Amino acid sequence: SEKELILCFDWSGSMYDFHGGIQNYSIQKQGHLAALRDEEIRRLLISQRVFIRAILWAGNMKEIRSIFNGRIEGQEDILRLYRAISEKVPPWKSPSGFTDHTTPLIYAESVPLAAKRRIIDISTDQEMDNSYASFYCRAKMGELYKKMNTSINVLAIGVGEKGLLILKENLVTPDGFMEKISDWNGYIPALKKKIKRELSLV
């Protein structure tokens with residue numbers, strides 16, 4: 001397989017706020033399930049034999065939960081991933097409730113590459129403090145980009161212009177991209193577009 005895709009499910013406190021009567025975590029989950037029902041995404045996953053890792057992330061490494069690891073070679077593998085997301089993304093927040101954008105990167109560093117190229121897919125509705133935390137995140141991003149052939153792409157939900165700049169500078173790799181939407185209403189089409197873009201990159 002040429003590609004490994006790490007799907008990062010945020011289970012910090014903000015994900016359990018309500019938006020239009022629905023909790024954000026549920027919109028995040030439904031977005032990924034909708035992506036797996038999309039014919040073009042299914043075709044790309046199978047034809048490229050993409051290795052998928054799906055994790056929960058929040059405020060620290062103790063809150064990382066692996067919910068799926070495996071290569072997508074047929075419809076049965078997509079169904080296994082679909083079931084994992086359906087059943088293992090919890091309806092409660094992480095113990096800390098905090099957000100630390102570095103934790104998915106530390107996780108990625110801790111697991112071996114399963115393909116020539118790794119893509120980390122992160123959605124976040126939280127800004128990053130322009131502090132030591134952002135400096136540390138930028139250092140970790142740079143290490144992954146240089147040493148593990150990793151691209152990091154971000155879908156930012158309702159983040160202000162200053163926050164977008166900080167995320168782009170500290171979390172998105174030089175070859176990565178950032179998409180932005182104003183609120184959770186646009187999440188499902190934006191996520192599908194983002195995953196198609198990731199899988200279509202050479």
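Which residues in α5 meet Ile 166, Glu 169 and Asn 170 in α6? The partners in α5 are Ser 134, Phe 135, Cys 137, Arg 138 and Met 141, where contact means heavy atoms within 4.5 Å. The structure examined here is a predicted model, in which local features need pLDDT of at least 70, side-chain atom pairs count only at pLDDT 80 or more, and totals for chains, interfaces and linings use all residues. Residues are numbered from 1 along each chain as its sequence is written, and side-chain values use heavy atoms, with hydrogens and water left out.

Two packed helices are described by the angle between their axes and the distance between the axes. Helices (H or I, at least four residues) and strands (E, at least two) are DSSP runs, numbered from the N terminus. Axes are lines fitted to C-alpha atoms, for helices over the stretch in contact, and angles run from 0 to 180 degrees between N-to-C directions. Helix α5 (residues 132-147) packs against helix α6 (residues 161-170) at about 40°, with the axes 8 Å apart. This makes α5 oblique to α6; angles under 35 degrees count as roughly parallel, over 145 as roughly antiparallel, 65 to 115 as roughly perpendicular and the rest as oblique. The contact of α5 with α6 comprises four nonpolar, two polar and two charged residues. Here Ala, Val, Leu, Ile, Met, Phe, Trp, Tyr, Cys and Pro count as nonpolar, Asp, Glu, Lys and Arg as charged, and the others, Gly among them, as polar.

Helix α1 takes part in two further contacts described here. The axes of α1 (residues 24-37) and α2 (residues 39-47) come within 5 Å and cross at roughly 75°, which makes the two helices roughly perpendicular. Ala 35, Leu 36 and Arg 37 of α1 touch Glu 39, Ile 41, Arg 42 and Leu 45 of α2. With α3, the axis of α1 comes within 10 Å and crosses at roughly 170°, so α1 is roughly antiparallel to α3. On the α1 side, the residues involved are Lys 29, His 32, Leu 33, Leu 36 and Arg 37.

Next comes the sheet. It is open, with six strands in the order β5-β4-β1-β6-β7-β8 and mixed pairing. Two strands pair if DSSP finds at least two bridges between them. The edge strands, β5 (65-71) and β8 (178-181), each pair on one side only, and the twist averages 15° from one strand to the next. Helix α7 (residues 187-200) packs on the sheet, touching β1, β6 (117-124), β7 (150-157) and β8. Strands β1 (residues 3-10) and β4 (residues 51-57) pair in the parallel sense over seven bridges, with Ile 6 opposite Arg 53 in β4.

Grid points are joined across faces, edges and corners, and a volume is the space filled by probe spheres set on the points. The whole structure holds one cavity of 30 Å³ or more, and the largest cavity has a volume of about 70 Å³. Its lining includes Leu 5, His 32, Leu 36, Ile 41 and Leu 81, and the largest share, three residues, comes from α1. By class, this lining has ten nonpolar, one polar and no charged residues.

The largest pocket has a volume of about 170 Å³. Of its 16 lining residues, Thr 99, Asp 100, His 101, Glu 127 and Asp 129 are the closest to its centre.

Notes:
On a 1 Å grid over the protein atoms alone, a cavity is a set of points where a 1.4 Å probe fits but cannot get out, and a pocket is an open set with protein on both sides within 12 Å along at least five of seven lines; lining residues have an atom within 4 Å of a point.
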